[in-house]
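This briefing covers one protein chain and groups its features by topic. Please read it alongside the sequence and the 3D view.

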Amino acid sequence: MYYQLHFRSKICSFPFFSFLLCKPHNCISYSSFSQIQDDNPNLQTLPSVPSELVSPSNVITQPRFSRNGHFSYKTKHSELPETNDVVLSNKKITSYIRCGDLDSALRVFESMKVKTVITWNSILAGFSRKPGYIEEARQVFDKIPEPNVVSYNTILACYMRNSDIEASKNFFDKMPVKDIASWNTMISGFSQNGLMAEAEELFRAMSVRNEVTWNAMVAGYVESGELESALELFREAPVKGVIARTAIVTGYMRSGNVEMAEKMFREMQERSMVTWNTMISGYIENGRAEDGMKLFKKMMGSGVKANDSTLSSLLLGCSNLSALKLGKQVHQHVMKSPLYLDMTVGTSLISMYSKCGVLEDAWKLFLEMPRKDVVTWNAMISGYAQHGESKKALHLFDEMKSKGIKPDWITFVGVLSACNHAGFVNLGIQYFEQMQNDYGIKPKPDHYTCMVDLLGRAGKLNDAVDLITKMHFKPHISLFGALLGACRIHRNLEVAEFAAKNLLSLEPTNAAGYVQLANVYAAKNHWEGVSKVRKSMKENKVIKTPGYSWMEVGRVIHEFRSGDRLHPDLQSIRMKLKDLEKKMKVAGYVPDLDSALHDVAEEQKEQLLLWHSEKLAIAFGLIKLPPGMPIRIFKNLRVCGDCHQATKVISAIENREIIVRDTTRFHHFKNGVCSCGDYW
């Protein structure tokens, strides 16, 4: 739930809008660079940048705009000599802006005696490319002696980049001259802000459209989840280029129609890097990581080099599927490529190893990374928290602050999770207050979920309810889910009914809410209550998610369901379990019958408990994996009390480390002890 890492936006599974922005010759560029280049063909070939302009001694601080419209900035040395070579100066300005060095571009701009409209447009584009610089961009625009259509389009794009829709509309309406790029900028901006009705209104009003227009509309409909509208427009489009086709592939993948996505992909004569990434991430999002890996290898074989987004998508898939061997293959590829120093890829590798249960390798990677940003630190802190290494997570948080890295809201999700897993109630409350008072971070739903879980599991149920009632926004489902889980631990029926009522009012078909409430009734031996919950589930047509576990053996993912009757090795698994049961009872194991949520005889309860999915997986691992190799199991539900106790005993009598990841955390069982300290 709240342990999922938040990656950088460029790791997004279906980044088709980023494609619209990263190919200036094909797109509606918010910086209007393509138009600037069209106005001055000489800018297509840029000269080398003089070394004296980029030396460290000439670095300028943040440029400022005074009220009279003049630039002001501090330098360590005298200003550049004035120059009359307009063409060369324009090339320098454009080169600097392409590199994101607006400071140096401004220095050249100030040194010029003569400035053309291209000069002004280049500086304007530099400010327009940076979100939050709308005021500075507008001041530049107002100073242009004779603005042309490129000037107007650039400031229009700047409004859109800053999501100022009303200002964009007003400016567009007042523009003295508009070209097709003006219309495309508006349509693209509307599309990216989910305003498809406004985008379509402009689209239908256009007398002339080009490929960029159609691309923006098709991509916009896909992004808004309107695949049918996107397909209808795609069929109507006179030219069906790579951008539109990639958007349709995205739409198919998002809707789970992998076959149609594959068909579109096969039919494409031209494919971009985004097209390949969309297919790879689409496979992964649809649970077909192996196909994603095969396509990745095919992509490499065709001469297309992977970028950080490709590898991050693959690693995210490995994390979600707990496919450790696949993740190691990606890691091997990374080590052979120039991307082994890439911070985004390195962070994704840390997350992958953490989520696959190999925390030691995640830590080694973290230490080896030459550069780390807040996302990297967050990945390691969250990894420690999820594995129950709370003290290490909090120590790393302190180290992060000492190095001058400012924590963000995701950092505090990891920190509060660490406190939650260790039962550090007072410390968690301190961090929750520190987040708001010292860092000005407003609590988000994930923070409240952590706090409710922390207070609830510590038995402070009334405090948890009080926190929910004082929230500054409407409570969400996960809050009441966390409260319900705590009620089961403390067998508090009154608060459980309160939490369930609120949860089910928000989502009447939420199976987890019914199941958690039934668990509380069962723990209190209130079988009539359990019966009422089940009846209510039937009336509301609620389908309970079956509990299952899975593990990887020899690159094959084996799945087990409670009471499984389908696994090909079921007979040998059951024989192994029977043998284990005898040894466990000799070692002092007593089945926790409260974990059997059925009103049946004790003998039947013991049999049901013995065939829980994680026990089946453990038995299979003991049969198939070599002695001494850790058994790694992943589960879609929370580990029940009986399985937790049984796994501790099995780890001792079999002398085997067993690692189990459930929906809450990792459990490391070794020598009869669990890393969670029986607090989960």
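Buried means under 20% relative accessible area, exposed over 50%, and partly exposed in between (1.4 Å probe, protein chains only). The model is predicted: local features need pLDDT of at least 70, side-chain atom pairs count only at pLDDT 80 or more, and totals for chains, interfaces and linings use all residues. Residues are numbered from 1 along each chain as its sequence is written, and side-chain values use heavy atoms, with hydrogens and water left out.

**Chain overview**

- The chain has 35 helices and 8 strands; helices (H or I, at least four residues) and strands (E, at least two) are DSSP runs, numbered from the N terminus.
- Of the 680 residues in the chain, 53% are buried.
- Contact means heavy atoms within 4.5 Å. Among contacts in the chain between residues at least 6 apart in sequence, those joining residues at least 24 apart make up 65%.

**Glu368**

- Glu368 belongs to helix H21 (residues 359–368).
- With a relative accessible area of 62%, Glu368 is exposed.
- Leu341 is 27 residues from Glu368 in sequence, and the C-alpha to C-alpha separation is 9.7 Å.

**Helix pair H8 and H9**

- Helix H8 (residues 149–161) packs with helix H9 (residues 165–174) at an angle of about 160°, with the axes 8 Å apart. Axes are lines fitted to C-alpha atoms, for helices over the stretch in contact, and angles run from 0 to 180 degrees between N-to-C directions.
- That angle makes H8 roughly antiparallel to H9, since angles under 35 degrees count as roughly parallel, over 145 as roughly antiparallel, 65 to 115 as roughly perpendicular and the rest as oblique.
- From H8, the contact is made by Tyr152, Ile155, Leu156, Tyr159 and Met160; from H9, by Ile165, Ala167, Ser168, Phe171 and Phe172.
- The residues of this contact divide into 9 nonpolar, 1 polar and no charged. Ala, Val, Leu, Ile, Met, Phe, Trp, Tyr, Cys and Pro count as nonpolar, Asp, Glu, Lys and Arg as charged, and the others, Gly among them, as polar.

**Six-strand sheet**

- An open sheet of 6 strands has the order S4-S3-S5-S6-S7-S8, with mixed pairing. Two strands pair if DSSP finds at least two bridges between them.
- Strand S4 (556–561) and strand S8 (673–674) stand at the edges with a single partner strand each, so one side of each has no neighbour in the sheet.
- Strand S3 (residues 548–553) pairs with strand S5 (residues 631–635) in the antiparallel sense over 2 bridges, and Ser549 has Lys635 in S5 as its bridge partner.
- Helix H34 (residues 613–624) packs on the sheet, touching S3, S4, S5 and strand S6 (658–661), and its direction makes about 15° with that of S3.

**Hairpins around S7**

- In strand S7 (residues 666–670), 4 of the 5 residues are buried.
- S6 and S7 run antiparallel, joined by 4 bridges, and form a hairpin with 4 residues between them.
- S7 and S8 also run antiparallel, joined by 2 bridges. Their hairpin has 2 residues between the strands, and Asn671 in the turn has a positive phi of about 55°.
- Phe669 of S7 stands opposite Ile658 and opposite Cys674 in S8.

**Positive phi in loops**

- Most residues other than glycine have a negative phi.
- Arg491, in the loop between helix H28 (477–490) and helix H29 (493–506), has a positive phi near 55°. Arg491 is partly exposed at a relative accessible area of 37%.
- Lys541, in the loop between helix H31 (527–539) and S3, has a positive phi near 55°. Lys541 is exposed at 73% relative accessibility.
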